[in-house]
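Subject: Structure handover

Hi,

Here is the structure I promised to pass on.

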Amino acid sequence: REFTMSSSKPLLVDAHTESSRLLPISPHINTSHHHPHHHYSTSDSDTSSPHSILIAGDDDPNGEHSHTAAPASLFSPFWHRRSKFGATTIVVSTIILLILLFLVLAVLGGAIYEHFTSRHETMSLNIHLKLSQQCEDVAIQANKRVSQLDQKQQIDLTAHQQPHVTLYLTDFQERNYAVFSKLVEQLVQDEFVSKFDAHGNWLSGAEPCEVLCEASLMRNVSTYAMWPVENSECIQSMSDRIVQKISLYISDEAKTKVPDWINLLPEALKSEKIRMIHEYGSPNVFSQFSPHVTLAYDGDAKRLQDAFTEAGEDLVPSCKFVVEEIAFGEVGPWGTVLRGKDKENFKLVKQLEDKS
């Protein structure tokens with residue numbers, strides 16, 4: 001056989017393995033060549049091994065040919081193992097890269113899924129006090145009167161929304177609902193429940209929390225009209241303790257949403273309320289807690305104010321009640337509580353049986 005190739009040194013090809021492994025040529029082997037293209041010739045009679053092929057190399061520095069030889073079987077296993085090792089390395093490396101790529105894609109996929117579904121995994125809740133029936137009736141009558149004078153007023157306390165005093169209004173992580181609702185239930189039992197005898201006399205537990213809805217012309221905050229509630233120690237404590245217990249479970253979005261009406265406040269007050277939003281998801285907690293009953297909403301603040309002015313200062317008389325129930329309300333438009341759609345109700349009054 002003849003081969004034409006460029007080589008800097010004499011080489012020997014092992015023909016027995018039918019591969020291109022190149023081996024040094026013995027100095028006892030006769031070779032012929034034609035420079036500069038290195039014409040190679042083989043002869044079975046010239047080889048020191050019946051399975052060797054003779055290859056002539058370049059001239060040495062003295063003008064003589066350098067020839068070396070070795071049996072093909074001496075180095076064949078080495079080259080064979082190296083070939084297998086190289087192929088195995090490539091396969092293993094490819095598998096590792098594919099596994100790493102899969103893990104990266106899984107992490108990215110999870111992050112993307114969390115980003116785009118997080119909004120659908122939140123729930124808005126208004127944790128609030130229920131009014132007594134007497135005070136609720138007062139709120140409903142005032143709401144009806146204002147609606148007659150301002151037909152653009154949006155809240156309907158008769159059919160759609162329910163009068164209430166908000167303790168904590170924000171968006172929560174829905175997946176943790178069972179956890180934080182249980183925390184509030186336990187908090188109510190441990191700290192808020194009042195125990196009475198069969199005659200209505202307080203025996204133990206928390207002192208009854210009395211709430212006073214003040215008689216006054218409505219306090220307006222931008223486009224809302226509110227019935228002021230005296231901020232007693234017990235109401236403030238209920239709000240504070242609930243926020244402390246469950247603010248850990250609010251959604252990330254709750255800490256970034258700033259209601260439009262806050263931007264209309266004086267700078268110092270606005271800054272403080274925004275700070276509360278960033279920490280607790282609500283502008284009206286702790287030092288900014290201001291209990292009230294929302295009676296009306298109109299996008300035109302002047303029109304709403306004119307309606308209350310026309311209705312007169314005696315529109316809403318004072319009303320007092322003892323807190324008997326805290327509820328998780330479903331939030332409607334303008335921060336209202338939808339009537340008949342409470343998710344949880346916790347009783348604060350426990351009447352003990354008369355054992356006498």
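A quick word on naming: helices (H or I, at least four residues) and strands (E, at least two) are DSSP runs, numbered from the N terminus. With that convention, Q148 sits in helix α2 (residues 133-149).

Two caveats before the rest. This is a predicted model, where local features need pLDDT of at least 70, side-chain atom pairs count only at pLDDT 80 or more, and totals for chains, interfaces and linings use all residues. Residues are numbered from 1 along each chain as its sequence is written, and side-chain values use heavy atoms, with hydrogens and water left out.

**Overall picture**

The protein chain has six helices and 15 strands. Of its 356 residues, 40% are buried (buried means under 20% relative accessible area, exposed over 50%, partly exposed in between, with a 1.4 Å probe and protein chains only). Taking contacts (heavy atoms within 4.5 Å) between residues at least 6 apart in sequence, 72% join residues at least 24 apart.

Axes here are lines fitted to C-alpha atoms, for helices over the stretch in contact, and angles run from 0 to 180 degrees between N-to-C directions. The crossing of α2 past α6 is right-handed (left-handed if the near helix is turned anticlockwise from the far one by less than a right angle, right-handed if clockwise). On the α2 side the contact uses R145, V146 and L149, and on the α6 side L304, A307, F308, E310 and A311. Sorted by class, that makes six nonpolar, no polar and two charged residues. For the classes, Ala, Val, Leu, Ile, Met, Phe, Trp, Tyr, Cys and Pro count as nonpolar, Asp, Glu, Lys and Arg as charged, and the others, Gly among them, as polar.

**α3 against α4**

The other pair I looked at is helix α3 (residues 177-192) with helix α4 (residues 233-246), which pack at about 145° with their axes 10 Å apart. This crossing is right-handed as well. From α3 come F180, L183, V184, L187, E191 and F192, and from α4 M238, R241, I242, K245 and I246. The class count here is eight nonpolar, no polar and three charged residues.

How far should the 14 residues of α4 span at 1.5 Å a residue? The expectation is 20 Å, and the end C-alpha atoms are 20 Å apart, so the two agree (the expected span is 1.5 Å times one less than the number of residues). The buried residues of α4 are I235, Q236, M238, S239, D240, I242, V243 and I246. Among the elements covering them are β4 (122-130), β5 (164-173), α3, β8 (210-213), α5 (267-280) and β13 (325-330).

**Salt bridges**

The structure holds 14 salt bridges, each a side-chain nitrogen of Lys or Arg within 4 Å of a carboxyl oxygen of Asp or Glu.

- D171 pairs with K257, with the closest N and O atoms 2.4 Å apart. The pair links distant parts of the chain, from strand β5 to the loop between α4 and α5, 86 residues apart. D171 is buried at 9% relative accessible area, while K257 is partly exposed at 48%.
- E267 and K270 meet at 3.4 Å, N to O. Both lie in α5, three residues apart, about one turn of the helix, and K270 is buried at 17%.
- D306 and K302 come to 3.0 Å between their closest N and O atoms. They lie four residues apart in α6 (residues 301-311), about one turn; D306 is partly exposed at 37% and K302 exposed at 57%.
- D150, D298 and R303 are linked in a network of salt bridges.

**Two backbone angles to look at**

Which residues other than glycine have a positive phi? F286 is one, with phi near 55°. It lies in the loop between α5 and β11 (292-297) and is buried at 19%. W334 is another, at about 65°; W334 sits in the loop between β13 and β14 (344-347) and is partly exposed at 31%.

Cheers
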